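Hi everyone, thanks for making time. I'd like to walk you through one structure this morning, so please have a look at it first.

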Amino acid sequence: MSELRMKAEKLDGADELAAKRGEFVLDDVVYLDGNSLGALPAAVPGRVEDVVRRQWGELRIRSWTEGGWWTAPERIGDRIAPLVGAAAGQIVVGDSTSVNVFKAVVGAVRLARQRDAARDEIVVDATTFPTDGYIAESAARMTGCTLRPVTPAEVPGVLGERTAAVLLNHVDYRTGRLHDLPALTAVVHEAGAYVVWDLCHSAGALPVGLDAHGVDLAVGCTYKYLNGGPGSPAYLYVRRDLQDRFDSPLPGWNSHAEPFGMRPDFEPAPGALRGRVGTPDILSMLALEAALEVWDGVSIEAVRAKSLALTDFFLECVEAYVPEGRVECVTPRDHAERGSQIALRCPDAGEVMPRLIERGVVGDFRHPDVLRFGFTPLYVGFADVERAARVLAEVLAEAGA
């Protein structure tokens with residue numbers, strides 16, 4: 001047995017999260033694509049069957065009250081809250097990430113203009129996931145703002161008296177670079193603007209500290225590191241002291257103070273509930289709630305420690321197995337700048353990834369030349385990491401032959 005395989009066995013033997021792997025439906029595939037779609041938690045199928053057969057099939061309309069359907073968005077929001085460093089009552093679950101980005105960005109502009117009507121600029125992360133950029137551009141048109149795309153590193157130098165809102169990604173979806181949320185939040189506040197953070201690639205993988213760092217608004221999906229399932233509903237965080245001034249651009253009957261009053265005039269619900277819009281998507285909502293049970297007894301700090309250990313070990317194995325110069329790591333080596341994925345630049349990445357998948361190592365490919373591997377600490381082990389690097393080396397050797 002090789003030295004690295006023995007090291008993997010030793011690390012797995014000392015892993016305090018190792019038992020969590022048994023709470024997922026897995027096979028012998030090394031699954032390193034949890035940063036796109038998390039694995040299925042074992043509790044979900046039975047819960048969904050109960051929701052469909054008993055709650056919907058037998059209780060029917062009564063389940064809105066007896067089954068807790070009506071309160072699911074805020075109840076599940078409170079379940080997510082500790083994973084992103086938020087107290088209860090500030091997160092509501094529902095709609096897609098894109099819809100919540102729209103609510104948050106327009107809401108941030110409106111908050112800024114309540115204090116200074118002259119603020120007419122939205123700053124957006126130029127390296128962001130495309131949809132965030134599309135939404136920011138549309139929000140700018142609708143609010144009469146100028147859109148200013150810059151890299152996160154450039155944000156401090158472009159803020160000014162005109163800045164209303166700043167939309168940033170916590171982790172770059174391509175490279176896995178972790179941006180400095182505390183420092184960037186502080187500099188946005190110093191400029192008198194409001195910040196919106198996209199947590200899609202950090203929630204469930206590392207500490208976020210929304211409350212501790214005074215973040216104004218945040219959004220995120222639940223189907224990556226939170227393992228909520230394909231298309232599971234996203235969430236919206238509105239800091240408690242901003243909630244009574246948060247003016248959502250998508251008021252709906254579910255965010256009305258009297259949702260069953262059917263009044264023609266809109267009066268927003270108190271608290272985070274004003275982030276709701278229409279009827280909750282109950283099937284996926286309750287599947288998510290069941291999925292979140294895997295977090296019972298887990299600290300996000302332990303998850304972060306294992307994440308860094310996994311990614312460190314993967315890089316060690318890649319360097320040992322893959323010939324120098326065949327791939328280039330574009331993810332920062334510094335722990336303070338690394339999320340929970342490793343991105344390797346490879347000239348023939350589009351051909352390499354399908355071959356990896358054929359051999360039981362699942363990652364993904366990002367155009368034009370990036371192999372992306374996501375590490376979900378709840379179910380990825382160190383033996384998985386060693387095997388993935390070893391198979392990668394084999395595939396690259398064959399491709400270069």
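Predicted model: local features only at pLDDT ≥ 70, side-chain atom pairs only at ≥ 80, totals over all residues.

Residues are numbered from 1 along each chain as its sequence is written, and side-chain values use heavy atoms, with hydrogens and water left out.

Let's begin with the sheet. Seen as an open sheet of 7 strands with mixed pairing, its order is E4-E10-E9-E8-E7-E5-E6. Strands here are DSSP runs of at least two residues, helices (H or I) are runs of at least four, and both are numbered from the N terminus; two strands pair if DSSP finds at least two bridges between them. At the edges sit E4 (91-93) and E6 (146-150), each pairing on one side only.

Now the helix pair. How are H1 and H10 arranged? Helix H1 (residues 3-13) packs with H10 (residues 300-321) at about 170°, with the axes 11 Å apart. Axes are lines fitted to C-alpha atoms, for helices over the stretch in contact, and angles run from 0 to 180 degrees between N-to-C directions. H1 and H10 are therefore roughly antiparallel, a label for angles over 145 degrees. The contact (heavy atoms within 4.5 Å) involves Leu-4, Lys-7, Ala-8 and Leu-11 of H1, and Phe-313, Glu-316, Cys-317, Ala-320 and Tyr-321 of H10.

Finally, the spaces. On a 1 Å grid over the protein atoms alone, a cavity is a set of points where a 1.4 Å probe fits but cannot get out, while a pocket is an open set with protein on both sides within 12 Å along at least five of seven lines; lining residues have an atom within 4 Å of a point.

The whole structure has 1 cavity of 30 Å³ or more, and the largest cavity holds about 50 Å³. Arg-21, Tyr-31 and Asp-384 are among the residues lining it.

The largest pocket has a volume of about 290 Å³. Of its 21 lining residues, Thr-97, Phe-129, Cys-200, Tyr-223 and Lys-224 are the closest to its centre. The second largest pocket comes to about 180 Å³, with a lining that includes Thr-127, Asp-172 and His-179.

Thanks, and I'm happy to chat.

Key. Parallel < 35°, antiparallel > 145°, perpendicular 65-115°, else oblique. Points joined across faces, edges and corners; volume = space filled by probe spheres on them.
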